[in-house]
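Welcome to this tour! Please open the structure in your viewer and keep the selection tool handy.

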Amino acid sequence: HEPIPWLDFWLNPRRLRGSDFLMRWSQGVWSEERLVQAVNETDRYYALPYGPSSTAPDDPREFELYFERLEQAGLGKLKRPDLLIFRRLDHVRVTECIRELGGVEELPFMTEDAPRMKELLSLAVIAVESENSLWVAEKMPDYQTPLKPQRRLGGQPGLKKSAVVPTIIIKKEDLAPLLSWQEQRGVPIHVWHVFFDLAFGIAVDKALRLIRTGQIEETTQVFQAPGGATTRKGIYKIYYHHAYPLGVAEEQPALVADFVEDKNGHILPYVKFVGGRLKMRPEALEVLDEEAHKSPN
């Protein structure tokens, strides 16, 4: 097995136990904010946070209490996409639904069978599962290396196993819940993966086809829990060649030192991303236009 560097570890957002978790969490929040900003600056679409992680408060302590409330409500393990994308023309109807549901922050606590939730979902063009990586995509060694037939893939196009290239990551344990949600709610899910400089997207349905045909293999990743324990889980790393260009960074974020103080007076320092600006690529807007054309609304 090849060594797995610390920067490739993923953390489970439930309990705040250390600076590494705080850094990872802030990076996830930053990437979702950049996606919302990029979509909202278009003249045709806009984005709203939807999943529990996306609507959680920024304050670390409030964040912990938020997930405790979800667990008490029996919704702690609920898998919902992070964002919903709507036509700008539907803004008034969407706003009215959100108002009657108590605001965006209350969406994770609402059953999706409620009439207003059904109406809200019926207006969505797509749902987005957001991922991020701490890489400058254009500087990765195998960026722009073309796919070639690989023996281990039965002659199908791919790259060598050791290739360092931008990929869209889907955790194996998330794939079935996402597909189930998509089927039940009738909203297509896309995975949008943000790098420091670029972003890529792919429909979950296309990702599933690549996996089933053997073009994308399952690999193993180490997940670091806030308490220190590690687990190994299956993930799929989908070459960016199979995805559509989603966005390009027009302004770089600043890296800012921050800290939280726990109830015992212990200081937890960490670094977070602040600012930056992502611009949607025309190819991504074409994808949204195609999905909007398919939508019954």
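## Stop 1: one edge of the sheet

Start by selecting Y46 and F86: Y46 stands opposite F86, which lies in strand β3. A word before you go further: this is a predicted model.

Now widen the selection to strands β2 and β3. Strand β3 covers residues 83-87, and β2 pairs with β3 in the antiparallel sense over five bridges. Strands of a sheet pair through backbone hydrogen bonds, in either a parallel or an antiparallel way.

While you are in β2, click on L48, which has its place in this strand. Which residues does L48 touch, leaving aside those up to four places away in sequence? The list is D82, L83, L84, F86, V94, I98 and V104. Take V104 from that list: L48 and V104 are 56 residues apart along the chain, yet their C-alpha atoms are separated by 7.8 Å.

## Stop 2: the whole sheet

In what order do the seven strands of the open sheet come? Reading across, the order is β2-β3-β4-β8-β9-β12-β15, and the pairing is mixed. The edge strands are β2 (45-49) and β15 (277-280), and each of them pairs on one side only. From one strand to the next, the twist averages 30°.

Select strand β9 (residues 198-203) and strand β12 (residues 244-251): they run antiparallel and are joined by four bridges. Within this pair, F200 has P245 in β12 as its bridge partner.

## Stop 3: helices α4 and α5

Two packed helices are described by the angle between their axes and the distance between the axes. The axes of α4 and α5 come within 9 Å and cross at roughly 150°. Angles over 145 degrees count as roughly antiparallel, so α4 and α5 are roughly antiparallel to each other. Their crossing is left-handed.

Show the side chains at this contact. From α4 come R93, V94, E96, C97, I98 and E100, and they meet R116, E119, L120 and L123 of α5. These residues divide into five nonpolar, no polar and five charged. You have already seen V94 and I98, as both are among the residues that L48 touches.

## Stop 4: a salt bridge across the chain

Side chains of opposite charge can pair when their charged atoms come close. The structure holds 22 salt bridges. To see one of them, select R185 and D113, whose closest N and O atoms are 3.2 Å apart. What does this pair tie together? R185 lies in helix α6 (residues 172-185) and D113 in the loop between α4 and α5, so the pair ties together parts that are 72 residues apart in sequence.

Note on methods. Residues numbered from 1 in each chain as written. Predicted model: local features only at pLDDT ≥ 70, side-chain atom pairs only at ≥ 80, totals over all residues. Heavy atoms only, no water. Axes fitted to C-alpha atoms, helices over the stretch in contact; angles between N-to-C directions. Helix = DSSP H or I, 4+ residues; strand = E, 2+ residues; numbered from the N terminus. Parallel < 35°, antiparallel > 145°, perpendicular 65-115°, else oblique. Left-handed = near helix turned anticlockwise from the far one by under 90°. Contact = heavy atoms within 4.5 Å. Nonpolar A, V, L, I, M, F, W, Y, C, P; charged D, E, K, R; others polar. Pairing = 2+ DSSP bridges. Salt bridge = Lys/Arg side-chain N within 4 Å of Asp/Glu carboxyl O.
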